[in-house]
Amino acid sequence: RKSPWTLPTGEISNGAFGEITSGAYTFFDSTRGVQVISQLARLEAELSRRLVRIGLSATLSSDVGDAARRFLRPAGAEGVDVVVDKTPALQATDYEIRTFVEKERGVAQTALWQIARVVEEDVVKPMRSGERAPTHRKALMFCNSRRLVESFTQGIRASADDGADGFVYPHHGSLDAQLRRAAESALRDSDKPHLVVSTSTLELGIDIGAIDLVVQVDPGPTVASLRQRLGRSGRRHGAISRLLMMMRATNTESNRHPLACMHFDLFQALAQISLVVDDAYEAPQTGALHLSTFVQQCLSMARSGVDFDDVKQILLREGPFLEEEEALYRRVFDYLATDPINRPLLPILYVPADQEDCAERSYLTPQNGLSFVQKPQFGTSFKTATTYAVRLGGLTLGNLPVGHNLKPGDALVFAGQMLRVRSVIEQPATLLVEPGDQGRPPPFAGSTVAPSGLVVRTMRALFAGDIALPPTTLCAQTRALIDEARAVFKEQGLHRSQLLELEHDAGVALFPWVGQKAQSTLAILLRSQGLPALAMHAALSIPNKTPTELRAALDRIANGDHPDPEDLIRSLPSHQFDRYDYLLSAFARRQNYISARVDISGAKAAAEAILA
């Protein structure tokens with residue numbers, strides 16, 4: 001029979017030969033990836049045939065082959081072939097790390113400003129003057145936030161005598177597409193030297209031609225991400241792939257706290273380079289319920305009516321959702337159709353669980369549900385912020401998230417320009433701006449991703465000297481900071497213990513050396529035991545407690561004397577983290593949060609290792 005539901009226009013692009021190809025590491029068990037696999041399952045059901053699926057990646061470790069097969073083809077993993085290219089992953093590569101210590105006097109002494117000056121002096125100026133070889137003309141500078149992109153674009157331009165007008169471009173997701181295309185074209189099509197300062201938007205998937213140098217500010221989000229960024233350079237035959245890492249560091253002359261002296265960011269960068277050299281990458285997280293994306297896909301399927309049998313066959317059996325959790329997915333489906341607030345959101349061909357043999361089926365087609373799924377932004381499953389369009393004269397520069405309380409006269413930096421707000425229009429949400437002579441980048445949403453378990457274990461080995469530093473050119477200041485951190489690691493006995501008692505009864509620092517999920521769960525478990533644990537990169541800080549108190553709490557955790565996961569997270573301020581979590585019941589939100597953010601077994605294993 002003809003399926004009663006159809007794919008919304010633009011949700012997926014099908015290749016000319018039915019092949020679906022992607023950069024696999026960006027999709028593997030992520031919100032985007034689960035959405036894509038769901039759409040493929042629906043498309044195949046619509047066409048009544050299977051399409052060829054091809055995932056391409058330079059950053060999947062050899063030990064995740066089975067998980068990759070299951071993700072790419074959930075209902076036929078045994079038929080997926082993994083083809084491995086045995087040629088070296090990288091050609092000749094030149095790594096360099098420079099470190100910039102925060103000074104305390106004046107704006108020009110900040111690490112950010114120091115980096116901007118060095119990039120202008122050592123990268124932009126030589127390229128423009130022709131001091132470097134003619135082929136060294138394009139550079140790409142990656143930052144981990146849009147705010148840093150704006151800061152460095154403006155800072156590098158300000159450092160140049162002529163403002164580097166037309167040579168330095170910003171690139172991030174809040175900029176207008178026309179401005180992003182101009183930056184891409186400058187790298188790809190122009191024969192002039194250019195530097196583009198970018199977030200992960202230029203990490204992969206966009207043709208920008210051959211890049212001569214990649215600059216990374218602070219550690220990359222993941223090893224896989226750093227590898228993709230590095231792979232942007234050295235693509236010409238015989239060229240060297242070049243990575244220059246610019247690290248910001250704490251001034252330990254004024255802050256002798258042991259955790260400050262360990263320079264975690266620097267060692268994270270060293271660990272990431274070591275792992276790239278060894279061609280070792282983070283394993284993807286698996287086991288999350290992805291209920292937000294499940295809701296979105298149910299809503300999309302329900303435009304013309306759908307029952308749970310369709311959902312079960314397409315999204316659970318053929319799709320990416322966990323078939324063994326069918327009862328929970330059914331509960332979520334039922335909640336969408338029988339919202340207790342008496343406002344079902346979507347048109348669902350709904351059959352109550354106790355009436356599955358009933359011949360008559362009723363449609364629920366409320367107008368608010370139909371308008372909900374017809375909104376243009378419904379097509380994405382990941383979170384997007386409500387924004388103001390930023391307009392300079394007749395040109396749209398991009399979008400800024402609401403909530404900054406900008407008002408006429410306020411100064412800001414956006415699209416690499418000094419601007420002043422001329423007026424604020426609420427409908428449609430628009431910021432009218434004009435050129436200004438001062439400003440600062442607006443605070444965009446987002447936070448630094450904590451390092452993975454693979455990275456923190458490598459960091460520990462580097463602290464302890466168990467493995468050699470990677471083959472990297474290090475400036476004198478970087479070497480001094482490495483020596484300082486290793487000395488603190490040894491002096492504090494962290495080569496033989498994972499507990500560090502802080503001076504002046506300040507509490508205890510705990511080094512579990514596990515990834516973010518297990519570490520955050522351990523912190524929650526400690527807080528449930530009355531210990532106020534705070535995450536500080538690879539460590540947990542427990543102020544005003546003694547090692548004896550901490551060991552007692554860890555012993556209880558290791559022995560299972562702690563609340564169950566649902567009770568454990570009830571005290572958290574929110575269990576919503578994905579776009580459509582607000583459409584879930586409170587119970588489903590808790591289950592969804594636990595599946596994605598809680599790792600009891602990992603936290604217990606960490607407690608046992610600390611006590612051993």
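Trainee: Leaving aside neighbours within four places in sequence, which residues is Phe-463 in contact with?

Mentor: This is a predicted model. Phe-463 is one of the residues that touch the most other members of the largest nonpolar core, which has 52 residues. With neighbours within four places in sequence left aside, its contacts are Met-262, Phe-264, Phe-267, Ala-485, Arg-486, Phe-489 and Trp-513.

Trainee: Which helix gives the largest share of this core?

Mentor: Phe-264, like Phe-463, is among the residues touching the most other core members. The helix spanning residues 264-277 supplies nine residues, the largest share, and that helix is α9.

Trainee: Are α9 and α14 roughly parallel or roughly perpendicular?

Mentor: Their axes come within 8 Å and cross at roughly 105°. Angles of 65 to 115 degrees count as roughly perpendicular. The arrangement of α9 against α14 is therefore roughly perpendicular.

Trainee: Which strands stand at the edges of the open sheet of five strands?

Mentor: The strand order is β12-β11-β15-β14-β13, with mixed pairing. Two strands have a single partner each, so one side of each is left without a neighbour in the sheet: β12 and β13.

Trainee: In β12, what is the bridge partner of Val-390?

Mentor: Strand β11, residues 387-392, runs antiparallel to β12 and is joined to β12 by six bridges. The partner of Val-390 in β12 is Gly-398.

Methods
Residues numbered from 1 in each chain as written. Predicted model: local features only at pLDDT ≥ 70, side-chain atom pairs only at ≥ 80, totals over all residues. Heavy atoms only, no water. Pairing = 2+ DSSP bridges. Helix = DSSP H or I, 4+ residues; strand = E, 2+ residues; numbered from the N terminus. Core = buried A, V, L, I, M, F, W, Y, C linked by side-chain atoms within 4.5 Å. Buried < 20%, exposed > 50% of the residue type's maximum accessible area, 1.4 Å probe, protein only. Contact = heavy atoms within 4.5 Å. Axes fitted to C-alpha atoms, helices over the stretch in contact; angles between N-to-C directions. Parallel < 35°, antiparallel > 145°, perpendicular 65-115°, else oblique.
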